Amino acid sequence: MVYTYGVTHGSVLKLRFLHVAMVVCVPYFSDDILFQAECYHYLFDAAIKLHHLGLDWSTPDHGPIQNVKGFSSINSMIKRVATKAGTVESDFKLQPYPRCVVLDIEGTTTPISFVTDVLFPYARDNVGRHLSATYDSAETQDDIKLLRSQVEDDLKQGVLGAVPIPLEDPGKEKVIASLVANVEAMIKADRKITALKQLQGHIWRTGFENNELEGVVFDDVPEALEKWHALGIKVYIYSSGSRLAQRLIFGNTNYGDLRKYLSGFFDTAVGYKRETRSYVEIIESLGVDKPSDILFVTDVYQEATAAKAAGLEVVISIRPGNSPLPENHGFKTINSFLEI
């Protein structure tokens with residue numbers, strides 16, 4: 001087995017045809033089997049793969065790892081190569097990572113202002129046009145059915161802004177007008193309900209398809225996603241927005257399509273984000289050995305509390321525009337994913 005790697009400048013050890021190159025030859029089943037790794041893999045990935053094979057590439061003959069309880073030989077190899085290349089500090093250590101990372105979007109991967117000043121206004125301004133253009137489609141009829149059910153409940157509970165939706169008899173124009181009024185009130189109240197989020201996702205899809213919208217993520221997000229992916233860490237998104245909306249945002253960002261780094265998406269179908277049972281559902285869905293195998297990153301204290309109660313590891317994201325946290329909240333905070 002032959003791994004060919006290079007180290008580039010920067011804080012991430014990217015494997016390219018540039019700068020320092022390292023070749024490690026490892027016997028694998030028979031002498032006539034040769035595997036050439038792609039040059040864009042990470043040095044970290046190589047170290048972990050060799051460790052899993054029980055091989056120590058810091059020794060001349062690449063024999064079995066002597067210290068099987070840790071990554072000491074891998075750490076020393078990475079430190080020597082990285083220090084020689086001038087890419088990281090000489091005391092760099094390979095830190096333990098979670099098995100899975102679950103990320104919030106608004107205020108965590110993405111500025112709150114993008115959601116409140118771009119996505120919400122786009123949905124509000126285009127809901128009437130969207131309903132008129134797609135009214136007879138099965139998808140929109142399903143959206144209307146969900147909205148009818150939600151509005152009926154809202155009217156019973158006296159929710160501010162809820163107005164009755166007429167039957168089809170008066171014509172679709174009156175139905176659409178009442179739907180628009182309800183949706184505008186829901187958006188204004190920033191309600192985290194499936195009926196609204198599903199319709200918004202369909203409206204945003206049109207915006208992305210017409211190049212009227214582009215997803216936005218913080219500058220550190222692509223680098224962190226790439227690093228976690230190379231380390232074999234599964235990354236998931238959990239947002240109040242629909243799974244369709246999540247895929248649209250990460251598939252059309254200012255850094256290109258980032259979905260290749262994501263393993264799945266969760267929305268309010270698993271429950272509301274401030275309820276502990278929602279995180280229990282995520283634990284069961286991911287099939288981890290223990291809840292603490294999952295790291296949840298959010299900007300909302302109530303979500304962090306609910307996730308912690310379910311046993312997840314939690315850090316709170318501090319980003320520009322985020323709401324202040326309570327004093328003595330007790331959670332670790334980060335300003336960048338690169339701190340994880």
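By class, how many nonpolar, polar and charged residues does the lining of the largest pocket have? In this predicted model, that lining has 14 nonpolar, eight polar and nine charged residues.

To find the place, begin with the pocket itself, in which about 600 Å³ of space lies. Select E106, K192, S240, V300 and E303, which, of the 31 residues that line the largest pocket, are the closest to its centre. Next colour the helices α3 (112-134), α6 (194-209), α8 (243-251) and α10 (301-309), the elements that give two or more residues each to this lining; the largest share, four residues, comes from α3.

Now colour by domain, with domain 1 as 100-110 + 215-339 and domain 2 as 113-210. Both domains give residues to the lining of the largest pocket, so the pocket lies between them.

The second stop is a cavity. A search of the whole structure finds one cavity of 30 Å³ or more, and the volume of the largest cavity is about 40 Å³. To display its surroundings, select D154, V159, L160, G161, A162, N182, A185, M186 and R191, the residues that line the largest cavity.

Note on methods
Residues numbered from 1 in each chain as written. Predicted model: local features only at pLDDT ≥ 70, side-chain atom pairs only at ≥ 80, totals over all residues. Heavy atoms only, no water. 1 Å grid on protein atoms, 1.4 Å probe; cavity = no way out; pocket = protein on both sides within 12 Å on 5 of 7 lines; lining within 4 Å. Points joined across faces, edges and corners; volume = space filled by probe spheres on them. Nonpolar A, V, L, I, M, F, W, Y, C, P; charged D, E, K, R; others polar. Domains from an automatic or database assignment.
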